[in-house]
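Biologist: I have a model open. Can you show me how to read its salt bridges and its nonpolar cores?

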Amino acid sequence: IRDRSPSRGLGDVYKRQVDRIVTSIRSEMSAEGYKTLMVGSIKENDGKSTVTANIALNLARRGKKVVLVDCDMRHPSLAKIFDATVDPKEQFSEYLLGKCELDQVLKQTEVQAHPMDCIWQKKAVAKPYRLLGSERFISLINQLKEQFDYVVTVSYTHLTLPTKRIV
């Protein structure tokens, strides 16, 4: 049964646009040898988490091993987008604070039959740049780059200069 609703056509256009963007991003990243992609914005509530989720899903559909990390600790929303249940003791900030280990926060999910790993953040954190500037964060990103084809992150609005340098 085909969905004949007007939104279906818009959804197809969006998927094609995401596919074009991902093709371009992959080409640039491959040419430079990059494995980490950070999506950010200077505006709040402009869809950066939705775009990031769709980029990660598109890469997973292409058979790439992807980890999606919610670095938007001021307004985390990836867990909500994926309707993920997050144990407060196993969210990203808890890992960065040393209160749990990677195997506790790295969650495999499957979206439309495509596996993808995710690191969720559910609760907002004050001064997230302190966590994102930690040695534990830098070490984690390096470890993830060894394990995955792509490390896709979303960053919070009004990225401060120290955080830009870190990520």
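Modeller: We take the salt bridges, then the cores.

Modeller: This is a predicted model, so local features need pLDDT of at least 70, side-chain atom pairs count only at pLDDT 80 or more, and totals for chains, interfaces and linings use all residues. Residues are numbered from 1 along each chain as its sequence is written, and side-chain values use heavy atoms, with hydrogens and water left out.

Biologist: How many salt bridges does the structure hold?

Modeller: A salt bridge is a side-chain nitrogen of Lys or Arg within 4 Å of a carboxyl oxygen of Asp or Glu. The structure holds three. In one, Asp19 meets Arg62 at 2.7 Å, N to O. Asp19 sits in helix 1 and Arg62 in the loop between helix 2 and strand 2, 43 residues apart. Helices (H or I, at least four residues) and strands (E, at least two) are DSSP runs, numbered from the N terminus.

Biologist: Is Asp19 buried, exposed or partly exposed?

Modeller: Buried means under 20% relative accessible area, exposed over 50%, partly exposed in between (1.4 Å probe, protein chains only). Asp19 has 33%, so it counts as partly exposed.

Biologist: Which residues touch the most other members of the largest nonpolar core?

Modeller: Nonpolar side chains tend to be buried together in soluble globular proteins. A nonpolar core is a set of buried Ala, Val, Leu, Ile, Met, Phe, Trp, Tyr and Cys residues joined through side-chain atoms within 4.5 Å. The largest here has 25 residues; Leu59, Leu68, Phe82, Met116, Trp120 and Val152 touch the most other members. Helix 2 gives the most to this core, six residues. A second, separate core of 21 residues includes Cys71, Leu96, Ile119 and Phe148.
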